[in-house]
Amino acid sequence: MPALMSTPDVSTASGSADPWAFQFHPEVWLLVGFVTVAYIYMVRVIGPKAVRAGQPVLTRTNKWAFVGAVAMLWIASDWPLHDISEDYLYSAHMVQHMALSFFLPPLALLATPTWLARVLLGNGRLYKVVKWFTFPVTAAVIFNLVVMVTHVPLVVNESVASGPVHYLLHLLMVTASFLMWMPVCGPIPEFQLKTPGKMIYLFLQSIVPTVPAAWLTFAEGIVYQKYDISYRLWGVSAVDDQQLAGAIMKVFGGMFLWVIIIYLFFTRFAKSYKTEHNYKRTAEEKAEYAVGSALTTEDVEREFARTVPPHVD
């Protein structure tokens, strides 16, 4: 692969600014606040009317998943990770992308009870559109196209230089990630794959990112010139930075998907194997055996009466 060298951009603010200086991002705080208030409103006002009597509005999984999703959104979008990823290290940029595409969407989907998803989608045109976009093949193609596009040098350099482009790409990536995760852990049961299908689906998702990850890892020069700056945070060179980004994308992303695949295997197949090969009788089998094995005096006398004695010459 030809070297992709560029001259250091010493004019960037990253060359002289303090990377640890606090940066206030009011749009992130407003977004987190809006999501939290909207969720609480839906749960407390709409939830009791949307569920059947006696059914809980939220499960414990919903509650903890929501806390994790909001925390992930805040950490990935606010200082210091956002500022370091935008101005100093592409590896931090990759960590941010991993948080927004691999961790945030499944947590947010697990935080969404089925009744809430049905209230938001309805059963009309919006429901049909979302169903089409969350079809596994469609969702996988869209997600992986977005992954490829967001690693094109021209796109990355422009996103670092322009705040609106940066947030637009994040919005596109998060939306595509939600579509990708819907067949795995979405709140609408009919949108989900069966367990074997989920395992194959996630396995394929772990293969495609190998292409940009390998490209970043084995590139001979600087791929993204906006990160080729004079100030090197923690002394990490630009080449080492992009190689670390490739390793994060491939190793940690693939590892996360494989952990889910292994979990699905043991929860589905190991459980059925244990049930099928259990030597102990179930309660139903014990009751059936007890009824079938009861022998009374009347049964014995009846059998003797029906038995014809052997003929003796």
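The predicted model of the protein has an average pLDDT of 83, and 81% of its residues score at least 70; pLDDT is the predictor's confidence in each residue, from 0 to 100. Over residues 1-16, pLDDT stays under 50, and the model has 28 contacts beyond four places in sequence for this stretch, contact meaning heavy atoms within 4.5 Å. Residues are numbered from 1 along each chain as its sequence is written. Because the model is predicted, local features need pLDDT of at least 70 and side-chain atom pairs count only at pLDDT 80 or more, while totals for chains, interfaces and linings use all residues.

The protein contains 14 helices and zero strands (DSSP runs numbered from the N terminus, with helices H or I of at least four residues and strands E of at least two). Of its 313 residues, 39% count as buried, that is, under 20% relative accessible area with a 1.4 Å probe, protein chains only. Among contacts with a separation of 6 or more, 79% are between residues 24 or more positions apart.

Two packed helices are described by the angle between their axes and the distance between the axes. Helix α1 (residues 26-50) packs with helix α5 (residues 114-121) at an angle of about 95°, and the axes are 10 Å apart. The axes are lines fitted to C-alpha atoms over the stretch in contact, and angles run from 0 to 180 degrees between N-to-C directions. α1 and α5 are therefore roughly perpendicular to each other (65 to 115 degrees). In this contact, Y39, M42, V43, I46, G47 and A50 of α1 meet W115, L116, V119 and L120 of α5.

How values were computed. Heavy atoms only, no water. Parallel < 35°, antiparallel > 145°, perpendicular 65-115°, else oblique. Buried < 20%, exposed > 50% of the residue type's maximum accessible area, 1.4 Å probe, protein only.
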